[in-house]
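Me: I have a new structure to read and want to learn how to go through its features. Please show me how, step by step.

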Amino acid sequence: MRNCNGCHKQLPKLQLQSPVIQRDLWEKVLKYFGLSENRPGPQLPAITPVYICTECMEEALGRRLTIEDIPPLPFNMYFKLYYFYNIPYDKVVEIRRHVELHIQNSEKYKSEHLQREVDFMSGVMLMITNSGYKQWQ
């Protein structure tokens, strides 16, 4: 289980509690908390990853997160559904299980095409989030 490096609370629902945000905003959040990440290069993953919860991100930025703050990454699609479209947590978990089953049962899962499957499902979620949740209820 991961902990927020700001308030130190546990983040058992990481994808719903600590989204990836735009790089410039992330740098502001890290600076606010006096943190840094050990990255071998600008676009490479952190060797010592830092996790910050949504509440701490908003404290550091001095405002609520907006949808423009959240890049369109597969990791973020569940956060967007939960945070911006107010889809109940249990429904988001159900959607996530469906996506995972689709990927695991796909023939492509066993080959190099896994990323295409993830991108496809991300595209499906983006259509839902861009058109609004209300029409899916």
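Me: Which residues is Leu65 in contact with, leaving aside its neighbours within four places in sequence?
Reply: A contact means heavy atoms within 4.5 Å. This model is predicted, so read each contact as part of a prediction. Leu65 is in contact with Pro19, Ile21, Thr54, Met57, Glu58, Ile70, Phe79, Tyr83 and Phe84.

Me: Which residues have the most contacts inside the largest nonpolar core?
Reply: Look for buried nonpolar residues joined through side-chain atoms. Here the largest such core has 20 residues. Ile21, Trp26, Val29, Ile52, Met57 and Leu65 have the most contacts inside it. Helix H2 (23-32), helix H3 (54-61) and helix H4 (77-83) each give two or more residues to this core. There is also a second, separate core of eight residues. Among them are Met77, Tyr78, Leu81 and Tyr85.

Me: What is the order of the elements from the N terminus on?
Reply: Read along the chain and note each helix and strand. The order is β-β-α-α-α-α-α-α. That is six helices and two strands.

Me: Where does Ser18 lie, and is Ser18 buried or exposed?
Reply: Ser18 lies in the loop between helix H1 (14-17) and H2. Its relative accessibility is 7%, so Ser18 counts as buried. The cut-off for that is under 20%.

Me: What does Ser18 touch?
Reply: Leave out residues up to four places away in sequence. Ser18 then touches Leu11, Tyr51, Ile52, Cys53, Thr54, Met57 and Phe75. With Ile52 there is a polar detail too: a polar atom of the Ser18 side chain lies 2.7 Å from the backbone oxygen of Ile52.

Me: How many disulfides does the structure hold?
Reply: Check the distance between cysteine sulfur atoms. A disulfide needs them within 2.5 Å. The structure holds zero disulfides. For Cys4, the nearest cysteine sulfur is that of Cys56, 3.7 Å away. For Cys7, the nearest is that of Cys4, at 3.8 Å. Cys4 has 1% relative accessibility and so counts as buried. Cys7 has 39%, so Cys7 counts as partly exposed.

Me: How many aromatic pairs are there?
Reply: Compare ring centres, then the angle between the planes. The count comes to five. The cut-off for edge-to-face is over 60 degrees. Tyr32 is partly exposed, with a relative accessible area of 43%. Phe33 is partly exposed as well, at 21%.

Me: What kind of aromatic pair do Tyr82 and Tyr89 form?
Reply: Use the angle again. Their planes are 85 degrees apart and their centres 6.4 Å apart, and the pair is edge-to-face. Tyr82 is partly exposed, with a relative accessible area of 34%. For Tyr89 the value is 34%, again partly exposed.

Me: Which residues form one aromatic cluster?
Reply: Phe79, Tyr83 and Phe84 do. Leu65 is in contact with each of these, as its list showed.

Me: Where is Lys91, and how far apart in space are Lys91 and Leu81?
Reply: Compare sequence distance with space. Lys91 is in helix H5 (residues 89-104). Lys91 and Leu81 are 10 residues apart in sequence and 9.4 Å apart C-alpha to C-alpha. Lys91 is partly exposed, with a relative accessible area of 38%.

Me: How much of the protein chain do buried residues make up?
Reply: Finish with the totals. Buried residues make up 39% of the 137 residues. The chain exposes about 8800 Å², and carbon and sulfur atoms supply 53% of it.

Definitions and conventions:
Residues numbered from 1 in each chain as written. Predicted model: local features only at pLDDT ≥ 70, side-chain atom pairs only at ≥ 80, totals over all residues. Heavy atoms only, no water. Helix = DSSP H or I, 4+ residues; strand = E, 2+ residues; numbered from the N terminus. Buried < 20%, exposed > 50% of the residue type's maximum accessible area, 1.4 Å probe, protein only. Areas by Shrake-Rupley, 256 points an atom, 1.4 Å probe, with all protein chains shown as cover. Core = buried A, V, L, I, M, F, W, Y, C linked by side-chain atoms within 4.5 Å. Polar contact = N/O pair within 3.5 Å; in protein donor to acceptor, adjacent residues only side chain to side chain. Phe/Tyr/Trp six-rings, centres within 6.5 Å; stacked < 30°, edge-to-face > 60°.
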